[in-house]
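Trainee: Please take me through the features of this model one at a time, giving the general idea before the particular case.

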Amino acid sequence: MLEAPPLPDALLGGGLPSAAYHHLCAAGAAYHLDAEAERHLSLAQAAAPGHAAVLIAYYRYYFYKGRLAEALHIARLCLAKAAAENNLPSDWRLVAAGDAAFGHYEAVLPRFFLFVLKGYAYLQMRLGNLEEGEAAVRKLLELDPGDKIGAKVLLAVIQRRGEADDD
């Protein structure tokens, strides 16, 4: 069985059990076989319930399969996890810039929160929930005014809605 690479304790919840790592690898190898990939994702989740690596794998699987509503469900779980691990309010709307070291690249957990919120915003936009997506993008820019996370790109998309294409 493949051994999981060691993860620092501060990196998204600490070490991943070897069994979960094995199943995540197997899920990736079986990506083209939905039932098999989903079986391995489920077994990874059973081996490491709520672990960020497993949640991210589920998110990516659903996202790249075009199953955006399921990816959004996982994004919400990731938001809850990221908020809890950063000691932030459970409602992302109540998070303030001073609540975590959002501006520091080396601050892994706050950066995880920002990336998750960006994914959440993007999925909301793709699913047609533009007001919710825009609110999340504006919160990102409040938390990350230097836009290291790239939220301005999403804001530009929102601001262009309704404009005719020049093609």
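Trainee: Is Cys78 buried or exposed?

Mentor: Burial is read from relative accessible area: under 20% is buried, over 50% exposed, and partly exposed lies in between (1.4 Å probe, protein chains only). Cys78 has a value of 4% and is buried, whereas Cys25, at 29%, is partly exposed. This is a predicted model, in which local features need pLDDT of at least 70 and side-chain atom pairs count only at pLDDT 80 or more, while totals for chains, interfaces and linings use all residues. Residues are numbered from 1 along each chain as its sequence is written, and side-chain values use heavy atoms, with hydrogens and water left out.

Trainee: How many disulfides does the structure contain?

Mentor: A disulfide requires two cysteine sulfur atoms within 2.5 Å. The search of the whole structure returns 0.

Trainee: What is the confidence of the chain?

Mentor: The predictor's confidence in each residue is its pLDDT, on a scale from 0 to 100. The chain averages 89, and 88% of the residues score at least 70. Residues 1-10 fall below 50; beyond near neighbours in sequence, this stretch makes 21 contacts in the model, a contact being heavy atoms within 4.5 Å.

Trainee: How many helices and strands are there?

Mentor: Both are DSSP runs numbered from the N terminus: helices are H or I with at least four residues, strands E with at least two. The chain has 7 helices and 0 strands. The confidence of these helices is lowest in H7, with a mean of 92, and highest in H2, at 98. Of the contacts between residues at least 6 apart in sequence, 52% join residues at least 24 apart.

Trainee: Which residues have the most contacts inside the largest nonpolar core?

Mentor: Such a core is a set of buried Ala, Val, Leu, Ile, Met, Phe, Trp, Tyr and Cys residues joined through side-chain atoms within 4.5 Å. The largest one here has 49 residues, and those with the most contacts inside it are Phe102, Phe113, Leu117, Tyr120 and Val137. Elements that give two or more residues to this core include helix H1 (18-29), helix H4 (68-85) and helix H5 (108-126). Leaving aside neighbours within four places in sequence, Phe113 touches several residues, among them Leu79, Trp92, Phe102 and Leu143.

Trainee: How many aromatic pairs does the structure hold?

Mentor: Rings of Phe, Tyr and Trp (its six-membered ring) pair when their centres lie within 6.5 Å; planes under 30 degrees apart are stacked, over 60 edge-to-face, and the rest tilted. The structure holds 8 such pairs. Tyr31 is partly exposed at 32%, but Tyr61 is buried at 5%. Ring pairs link Tyr31, Tyr58, Tyr61 and Tyr62 into a cluster.

Trainee: What lies over the face of Tyr31?

Mentor: A charge sits over a ring if NZ of Lys or CZ of Arg is within 6 Å of the ring centre and within 35 degrees of the ring normal. Lys65 takes this position over Tyr31, 4.2 Å from the ring centre.

Trainee: Where is Asn87 found?

Mentor: Asn87 is in the loop between H4 and H5, with a positive phi near 55 degrees although the residue is not glycine. Asp147, in the loop between H6 and H7, likewise has a positive phi near 55 degrees. Asn87 is exposed at 70%, while Asp147 is buried at 16%.
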